[in-house]
Amino acid sequence: MNRTKPSADPNWKKQIALFLISQNVSLFGSSVVGYALIWHITLETSSGTWMMLATICSTLPQVLISLFGGVWADRYNRKHLIMLADGFIALATLLLAAAFLTGFQPMWLLLVILAVRSAGAGVQAPAVGAIYPQLVPAEHLTRVQGVDQTLASVLLLLSPAIGGAVLGTMGIVWTFFIDVGTAAVAIAIMGTIRVERQKRREEPLSMAADIRQGLSYVFSHPQLQRIVICYVFSFFLLTPAAVLSPLMVERTFGSEVWRLTANEIVWTVGSLIGGVFVSLRKTFRNKVRTAAICLVGFGVCFALLGVSWNFFAFLAFMCISGFFMPVISTTQTVYIQEITEPEVLGRVFSIVQIISASAMPAAILLFGPLADVISVESILLVTGALLALVGIVYGCTGRSAPHANDAGSKES
């Protein structure tokens with residue numbers, strides 16, 4: 001049964017256009033400063049342990065606050081939560097810029113800011129995931145999120161280039177100001193969108209009871225159970241390629257900023273192609289099988305990264321792997337939106353986010369120090385092979401999943 005409901009607003013196209021512009025402008029600024037922070041830490045330390053600390057600070061606060069963020073997304077106006085989170089992150093970045101301008105530039109301060117930004121994302125992400133069915137008719141969800149992935153990929157293609165150029169010529173402080181400016185624009189645009197608070201069939205419970213209700217819903221739902229289990233293993237095994245690839249580039253191919261920039265750009269080129277593919281495809285009849293194929297593709301590409309014979313081969317495999325991200329992200333997001341009751345959608349997204357995000361800190365606790373003992377190439381080769389195996393298992397077990405509609409089509 002399709003759980004999402006068509007948007008009642010006849011001007012929904014204008015509303016979703018403004019929303020996509022707002023979110024992608026915000027994403028652009030966040031990406032510029034995010035790349036700059038990671039590259040700065042990489043170039044200053046060349047340490048797998050520091051990459052571990054940066055990753056934990058970037059993910060653990062998001063995990064801790066997401067449960068509350070999901071409850072808030074189901075209780076309050078999701079538009080207001082998104083705006084508040086954007087403002088909170090921008091303020092923290094502005095304070096960091098002020099500290100750097102005064103000459104106070106300890107490395108630990110970067111970790112603090114990464115943690116603060118992560119906490120803001122823990123509030124924002126469940127609200128963003130849950131707000132789409134309020135803005136978009138159900139039959140257009142896949143296509144709209146494909147368009148979103150395409151726009152995000154275009155901006156992510158520009159952000160590492162701009163981040164690298166600004167970092168290399170003007171210094172890291174100016175990347176902070178880019179983020180603050182884009183956040184202000186995003187909040188202003190978001191303020192023009194009409195979004196009502198999600199109606200609930202029963203009165204809100206206590207915070208703890210609402211959290212328990214969300215957990216019970218997820219773990220008693222067969223399809224959501226399967227997604228959660230898949231995400232645990234997938235994100236654990238995705239972590240080395242996501243986090244340690246800049247370290248591999250710096251150690252194996254050279255420490256020039258352009259190489260780190262190229263690593264991000266080719267991934268984004270692949271994601272852009274994948275986003276266009278999703279937009280043109282409009283729908284996927286079997287979302288479980290599609291996600292499984294993407295996981296196998298990720299695994300093969302990441303294993304090939306580990307045996308890259310030169311930098312250009314490395315870039316080629318990174319580009320190909322980028323193609324799979326918007327496909328798997330869109331299909332699984334829409335699948336969750338289809339099979340989940342609207343009034344619990346914020347909590348479901350927060351729980352899925354917690355499961356996936358907590359897998360990365362756990363993984364980097366292992367792989368970060370390990371990268372200071374053995375080569376990143378060896379780690380990528382093994383984890384890539386295991387990720388492909390996860391995709392095969394997910395595809396096989398997903399065949400027995402109950403059917404879900406997508407624009408009138410059955411999941412087969």
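Predicted model: local features only at pLDDT ≥ 70, side-chain atom pairs only at ≥ 80, totals over all residues.
I started with confidence: the protein has a mean pLDDT of 78, and 88% of its residues reach 70 or more.

Strand β2 (residues 409-410) comes out lowest, with a mean of 36, while α10 is highest at 88. Over residues 4-8 the pLDDT is below 50, though the model still gives this stretch 15 contacts beyond near neighbours in sequence. Residues 400-412 also stay under 50, and there I found 34 contacts beyond four places in sequence.

Then the surface. I found a nonpolar patch of about 730 Å², made by V300, L304, V307, L381, V382, L386, L389, I392 and V393. Two elements, α10 (287-305) and α13 (376-397), each give two or more residues to the patch. Which one gives the largest share? That is α13, with six residues.

L304 sits in helix α10. Its relative accessibility is 31%, so I logged L304 as partly exposed; the patch takes residues with over 30%.

Last entry, Q15, which belongs to helix α1 (residues 12-45). Buried or exposed, I wondered about Q15? Q15 counts as buried because its relative accessibility is 3%, and the cut-off for buried is under 20%. I also checked what the Q15 side chain reaches: the backbone nitrogen of R194, at 2.8 Å.

Methods:
Residues numbered from 1 in each chain as written. Heavy atoms only, no water. Patch = residues over 30% accessible without salt bridge, like charges linked within 9 Å, V, L, I, M, F, W, Y side chains within 5 Å. Areas by Shrake-Rupley, 256 points an atom, 1.4 Å probe, with all protein chains shown as cover. Salt bridge = Lys/Arg side-chain N within 4 Å of Asp/Glu carboxyl O. Helix = DSSP H or I, 4+ residues; strand = E, 2+ residues; numbered from the N terminus. Buried < 20%, exposed > 50% of the residue type's maximum accessible area, 1.4 Å probe, protein only. Polar contact = N/O pair within 3.5 Å; in protein donor to acceptor, adjacent residues only side chain to side chain. pLDDT = per-residue confidence, 0-100. Contact = heavy atoms within 4.5 Å.
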